[in-house]
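Take a look at the sequence and the model, and then we'll walk through them step by step.

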Amino acid sequence: MDRQAGKKRAGEEAAKYVERGMTLGLGTGSTARYFVDALAAKTADGWHLRGVPTSQETRRQAEAIGIEIITPDETTVIDLAVDGTDEADPQMNLIKGGGAALLREKIVAGAARRFIVIADKSKRVAALGAFALPVEIEPFGWALTVRHIRAALLGAGFDGAGVELRAREGAVVKSDGGHLILDCALGRIDDPANLDGTLKAIPGVIETGLFCGMADMIIYADETGVSIDQA
Ligand code: 5RP
């Protein structure tokens, strides 16, 4: 499967749901990037669009094509949020956060009237968990938080879970909000909503990459076509 072709097609398909004058939640990652690319034709045609970006990277891209950038606090309405995902199950639960933007992505998706997820077809899985679950945590007391997370995962039946502080090229990764990201290798997650609640009850945990019951539509694509899951 040509995954890039799938991402591009999914992004272009989602752009068909955008209407003139909308305020958009703009996700982060390579698939979301294709969606923003597809909006360039609309702004070039004189459409006024406002965007609430979920990362600095998306902000720069959206600004460059003439989308008016606003913060979530400058609007009471986000008409449509569009974002990628790392995994999605048939119940439309997601694991997100591969790009370390999960907190802002969840705030924006949760505030939107409609949340459309875009993905190449390889992202659709029978059960979540092959992708390590990102968890965003506060830097203060992070090692203590990690100990609590390990204990909670053991208590929830995830024996042997790997919990790693995300680092790239020797440097600890921080979210745009200055938080740390843990990647939790869990294996199959049978009850994602319950796990989300368990982890968020731990002091120091800011957000998890489990997006449960949030997506209204998932657009999957590959080079041959598109398929849609709907809530
Ligand atoms: C960023 C995300 C991304 O949406 C997710 O990682 C998918 O990325 P890509 O579209 O590059 O495959 O959650 O935090």
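Let's start with a word you'll need a lot: a residue is called buried when its relative accessible area is under 20%, exposed when it is over 50%, and partly exposed in between, using a 1.4 Å probe and protein chains only.

Before going on, a bit of housekeeping. What you see is a predicted model, where local features need pLDDT of at least 70 and side-chain atom pairs count only at pLDDT 80 or more, while totals for chains, interfaces and linings use all residues. Residues are numbered from 1 along each chain as its sequence is written, and side-chain values use heavy atoms, with hydrogens and water left out.

Now for the overall build. The protein chain has six helices and 16 strands; these are DSSP runs numbered from the N terminus, with helices being H or I of at least four residues and strands being E of at least two. Its radius of gyration is 17 Å, close to the 17 Å that the globule rule gives for 231 residues, so the chain is as compact as a globular protein of that length. (The radius is taken over C-alpha atoms, and the rule is 2.2 Å times the number of residues to the power 0.38.) Along its principal axes, the C-alpha trace spans about 55 × 35 × 35 Å.

How does the chain link up with itself? Count a contact as heavy atoms within 4.5 Å. Among contacts between residues at least 6 apart in sequence, 74% join residues at least 24 apart.

On to the ligand. It is surrounded by 17 residues, and the closest are Ser 30, Thr 31, Asp 86, Gly 97 and Lys 123; to be near here, a residue needs a heavy atom within 4 Å. By class, this shell has two nonpolar, nine polar and six charged residues. Ala, Val, Leu, Ile, Met, Phe, Trp, Tyr, Cys and Pro count as nonpolar, Asp, Glu, Lys and Arg as charged, and the others, Gly among them, as polar.

Zoom in on the ligand's oxygen atoms. One lies 2.5 Å from a polar side-chain atom of Ser 30. A polar side-chain atom of Lys 96 is 2.8 Å from an oxygen atom of the ligand, and for Gly 97 a polar backbone atom is 2.8 Å from a ligand oxygen. The protein covers 91% of the 380 Å² of accessible area that the ligand has on its own, with areas coming from the Shrake-Rupley method and a 1.4 Å probe; for residues, only the protein chains shown count as cover.

Lys 96 has another partner. Its side chain is joined to that of Asp 83 by a polar contact of 3.0 Å. Such a contact is a pair of N or O atoms within 3.5 Å; within protein, one must be able to donate a hydrogen and the other to accept it, and residues adjacent in sequence count only if both atoms are side-chain atoms. Asp 83 lies in strand 4 (residues 80–83) and counts as buried, at 3% relative accessibility. A polar atom of its side chain is also 3.1 Å from the backbone nitrogen of Thr 28.

Finally, visit two loop residues. Met 92 sits between strand 5 (87–88) and strand 6 (94–95) and is buried at 5% relative accessibility. Glu 169, in the loop between strand 10 (167–168) and strand 11 (171–172), is exposed, with a relative accessible area of 85%.
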